[in-house]
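Please read the following report alongside the sequence and the three-dimensional view.

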Amino acid sequence: MPRFLQPILAVIAGLCLGLAVTWIAGENPWHVFKILCMGALGSPYDFGMTLFYATPLVFTGLSVAIAFHAGLFNIGAEGQLTLGALAAAAVGALWPQCPSIFAPLAAGFAAVFAGTLWGAIPGWLRARRGSHEVINTIMLNFVAAGLSSYITLYLLKNSETQNPETRAIGATYMIHQFAFFGGAPVSLALPLAIVAAFCVWFFLAKTTWGFELRAVGQSESAARAAGISADNVRIIALSLAGALAGLVGVAEVLGNAGRFKVGFSPEYGFIGIAVALLGRNHPFGILAAALLFGALHKGATALDLETEHVTRDLSLILQALILLSVCAEGLWSWMAKRDVSASGGTGGASVSASRGISTAREDARPTAKKPK
Amino acid sequence: MTGTFPAVELRGLSKRFGACVANAGVSLRVAPGTIQGIIGENGAGKSTAMKMLYGVYRPDAGEILLNGKPCSWSSPADAIAAGIGMVHQHFMLAGPHTALDNILLGAEPTRLGLINRTQVRQQLEQLSHQYGLNVDWDRPVEELPVGIQQRIEILKLLHRNAIILILDEPTAVLTPQETGALFHNLTQLRDQGKTILLITHKLKEVMTFTDRVTVFRAGKVTGEAQTSQTNPQELANLMVGRKVLLNVEVQNAKPLPELAIDVKHLNFTGSRSRHQLLDVSFSVKRGEIVGIAGVEGNGQSELLQAMLHPRDPNCRSSGSVAFLGHDATNWSARKIRQLGVALIPEDRHNEGLLLDRPVSENFALGLHRDPEFNCAGILNSRNIATTATRAIEEYDVRPPELTMPAGKLSGGNQQKLIIAREFHRNPKVVIAAQPTRGVDVGAIEFIHKRIVRARDEGAGILLISAELDEILALSDRILVIFEGKIVAEFLRGNLDETTLGLKMSGS
Amino acid sequence: MIAQLLASTLRVATPLIFAALGGMFSERAGVINIALEGLMLIGAWAAAVGTLMTHSPWLGSGLGMLGGILLAAIYGFFVIRLRANQIVAGMAINMLAFGLTPFLCKILYDVTGSTPAIPIADRFQSAPAYFVWFFVALAFAVMKFTPAGLWVSFAGEHPEALDAAGVRVNRVRWAAVLVSGALAGLGGATLSVFLSSSFSRNMTAGRGFMALAALIFGRWHPVRAALACLLFGFAEAAQIRLQGVVLWGTQPIPVQFIQILPYVVTILVLAGFVGRSRAPKALGTPFQRG
């Protein structure tokens, strides 16, 4: 079964299941499906909004994927992107007069720096203290939410409104928005996301660091024996993951709102996990998956108005069902009667998304081994 | 065997896993009250056949008969109920639980829904006396020595009234003395009517302790004989199918004065202080092979960790390690490799290979920073591919496909791949840990020859092995390790196996 | 004031303890349970709906348990039968619960995201804070003295040994996962029908993850995990009591700092004290015979 067939089947399965749920709710599933499609692609504005939602998903998807390749679970993209956006907004608000050559770069660096920091913390904790990054990153999400709320409301509050948002950044910070999307805020962040995907692919497939990162993800002990420092790799991997998530700040603050709004993210971080897995942790697959999930999100916003019983929460349900379909690799391989093992050339960056599947090999065990 | 049915009979058993045929029509018979040896190379199918007997696998075709009655099971529970018990290669004991809990698992007597541990204790004391198997019931199993753990496994079977006992490579982790004690127990069990099937690859044991032998090769039974009427050479030929030299021709060494490895007063304590190294000092010259002989678990792993890279960050170590004259005591693994030190790890699956990655990537592992394959941080895939192709041709790695995941190669081919990689840089220092464990006889020959060639080309080689034959055949000097200390040193030609065995067990 | 704080702690810790006990069974049997959050949420929703319909918090809680069991069954199907990655499937279950619960509220009550308020007469006043300890004792007894507990422990520590002893490992894991769904669902029920007066969107607010952290802090042991939950409950109770209180200077402590306190405590605890403690050896590895 070619590599991309399984995700496509997963999407179809997830959509069918989700639309079946709407039928139980009393709506016509075909009607719902049409609303989703029209909402996502019906006009230049709609398509633009789809791209707008997809862009942060590319960043968070890459963030989760690069951690996966190192054998780590980055559930903390939500907190990393929050602080990245906050940092960009803070720089923009505190130095509004910065000349326009430097301004977006400065804010962008701040976003990346904040995200990197928020990824380095769980990376360090995992490497030096051995505490698992899943819980730590989840906890840090909440901490980031609290910190950003505090900073926004107490230090950088926009005195002109009641909304929980920071002061506006200087005009020189805003990056160019494309005009042909009917007003949807599709900015330079989109090509930035595509470039980021390419860079991540190149890093993983072609560079020494990428090789070492993937080796640690495959087998820590083999990597150590080969002279690779698993501790350093883990810290670097989660820091890079944080940096990628921080880039969402560029898309949101510099490319859209011009300020940090508390709660601006519709769970980009968590959905990034689904994006990464649907894209099989491959940067190019992630581009496609992000586009799909962006479309789902945009399409579903119309559901509140245009149906009686179905709310926009359907998009979350659909995404969950697609994710479940993807991780049911056991089901797919059973159907295709094939072994679940990744194969690829030296340059391939595809990784079996599902870890922990034990396959027993008859003659692969050494004959005599002392039990541990 | 006239007049009685065989205790166990397998007729035409077949089993395949996907494309791999593990057993193709296996037929054998075991008389009651005997010890039968089941031998064969790795991958010959003996484990599969026994697992079908024990209910772990279901046969695709064929029959299993116990005392003449056909049987089939859907799980080990059925086999256990029929009186079959198996002691696995890797013990089925959960570390933190006591011996008592490990034994009563699956057959818990209850009173009002709660486990009745006193009843089991009484029953076990009885069994212990009957068969002379003494065990401390209440300590966590992970704290007990290996020989005792094995006894617990056997008691498990007896507690379930097993009549037929299958033992899978039982002596792999025992000293010669413990092996003797085990077979003394097995003989007692046999004399009391139990039937014992002994899966092993050690021809010497088969000759000494079994009544009959069955030989497996390539999924079939190729021979069966009364032990008293055969010899090791004949058995080896049945296993491999061609005349195999059990010894490799080794010329005398011509060592150079430079020290490849120099270890002084090495101490090592893991965080679980059972495993340690005490004041170990030795050196290896370039151009010689120094073998470290010892039963597994006497400090070999700790020695490797202390020299190269500790697995356990909570360990403490002291002393010094020098490679090629450089003090490498606190060096990172990467720096040591850069110096030209090659390692054949003892556990090739966990430490030597990335099982899901293709052969080409595995070849590059550890070499990926060499200027040959790396230009300013970017990998040179073409170079890697051409070099890897040449290497797997030279080392006869089958099948010679760069894109195949390493996990799909057989044990011997995996080991050859690792050796191809490690020897690629013509290392001056080689540390080989259990280099032929789980490797078929044909590949063993190849690997031994390659190691000796490396020595003749000027490498200093430290060989750590639990296989006495290997140590005796290859080493120019032999050091015996026991409980973390070096207890003896011998020169080639100056010792016999009995003395070596005695030293390995501490006497 | 102290007595109030203690009473508050016991109340607030109750849902955490239920969830942690559920997590314990699952994880000791070898199945990672990141889905506690979603299981609690479904339990909270189902209990609120049940109580509104039947006017009995007991029946409502029963429905909450049922909701947890059903969602756990989906989780179990994916990670045991299909051997999917447990962390990914767990996150998917959480997402499903986050999406389904407000969705179902809209269908049932035509209100997006929450149920109507439950009248005070139909809610628990203090019962759950007491009977949760009965469950703690029960869990302890089961693990230590019954065959089932031994099987759960082996399933997570050395499933091959359990299989070799003739016990079906995956059946044990299924049972453990369903029990964890029931207990987590019960924990969620105490959120909506005891600690507050209705179900609202995402009301678990990370408690499922906190319960998991408490479980790890307690080294997967029922009593220690329950005590750890008390610790986290204390942090949350203190947060509620300290809002608006001036400890130093002239300004009261910003509410956000108190809000993040339990999470910071969790991180420190995991990094400092648990560090490399010993998880069940087979945790996270699907079992396949052979």
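**Basis and confidence**

This is a predicted model, in which local features need pLDDT of at least 70 and side-chain atom pairs count only at pLDDT 80 or more, whereas totals for chains, interfaces and linings use all residues. Residues are numbered from 1 along each chain as its sequence is written, and chains are lettered from A and ligands numbered from 1 in the order in which they are written.

The predictor assigns the complex an ipTM of 0.87 and a pTM of 0.81. Within chain C, confidence is lowest in helix H11 (residues 255–274), with a mean of 75, and highest in helix H8 (residues 169–195), at 95. Helices (H or I, at least four residues) and strands (E, at least two) are DSSP runs, numbered from the N terminus. Where pLDDT is low, the predicted coordinates should not be read in detail.

**Contacts between chains**

Two residues are in contact if their C-beta atoms, placed from the backbone, lie within 7 Å. By this criterion, 41 residues of chain A are in contact with 46 residues of chain C. On the side of chain A that touches chain C, at least two residues each come from helix H5 (103–129), helix H6 (133–155), helix H12 (268–278), helix H15 (313–327) and helix H16 (329–336) of chain A, and the largest share, eleven residues, is supplied by H6(A). Sorted by class, this side of chain A has 25 nonpolar, twelve polar and four charged residues, where Ala, Val, Leu, Ile, Met, Phe, Trp, Tyr, Cys and Pro count as nonpolar, Asp, Glu, Lys and Arg as charged, and the others, Gly among them, as polar.

The contact of chain C with chain B takes 17 residues from chain C and 19 residues from chain B. Helix H6 (147–157) and helix H7 (159–164) of chain C are the elements that give two or more residues to the side of chain C that touches chain B, and H7(C) gives the most, with five residues. That side of chain C is made up of nine nonpolar, four polar and four charged residues.

Chain A has 16 helices and zero strands. Of its 372 residues, 61% count as buried, a residue being buried if 20 or more other C-beta atoms lie within 10 Å of its own, exposed if 12 or fewer, and partly exposed in between, with C-beta atoms placed from the backbone.

Phe59(A), which lies in helix H3 (residues 44–69) of chain A, is buried because 34 other C-beta atoms lie within 10 Å. Leaving aside neighbours within four places in sequence, Phe59(A) is in contact with Ala193(A), Ala196(A), Leu244(A), Ala245(A), Leu247(A) and Val248(A).

A nonpolar core is a set of buried Ala, Val, Leu, Ile, Met, Phe, Trp, Tyr and Cys residues joined through C-beta atoms within 7 Å. The largest such core has 381 residues, and those with the most contacts inside it are Ala20(C) and Ala214(C). H3(A) gives the largest share of this core, 15 residues. Apart from its neighbours within four places in sequence, Ala20(C) is in contact with Ala211(C), Ala214(C), Leu215(C), Ala225(C), Ala226(C) and Cys229(C).

**Strands of chain B**

Two strands pair if DSSP finds at least two bridges between them. Strand E3 (residues 35–39) of chain B is mostly covered, with five of its five residues buried: Ile35(B), Gly37(B) and Ile39(B) lie on one side and Gln36(B) and Ile38(B) on the other.

In chain B there is also an open sheet of four strands, in the order E14-E13-E16-E17, with antiparallel pairing. Strand E14 (276–285) and strand E17 (326–327) of chain B stand at the edges with a single partner strand each, so one side of each is left without a neighbour in the sheet.

| Strand pair | Sense | Bridges |
|---|---|---|
| E3(B) and E10(B) (residues 195–200) | parallel | five bridges |
| E3(B) and E11(B) (residues 212–217) | parallel | four bridges |
| E16(B) (residues 316–323) and E17(B) | antiparallel | two bridges |

As for individual bridge partners, Gln36(B) has Leu197(B) in E10(B), Ile39(B) has Val215(B) in E11(B), and Ala322(B) has Asp327(B) in E17(B).

How values were computed: pLDDT is the predictor's confidence in each residue, from 0 to 100.
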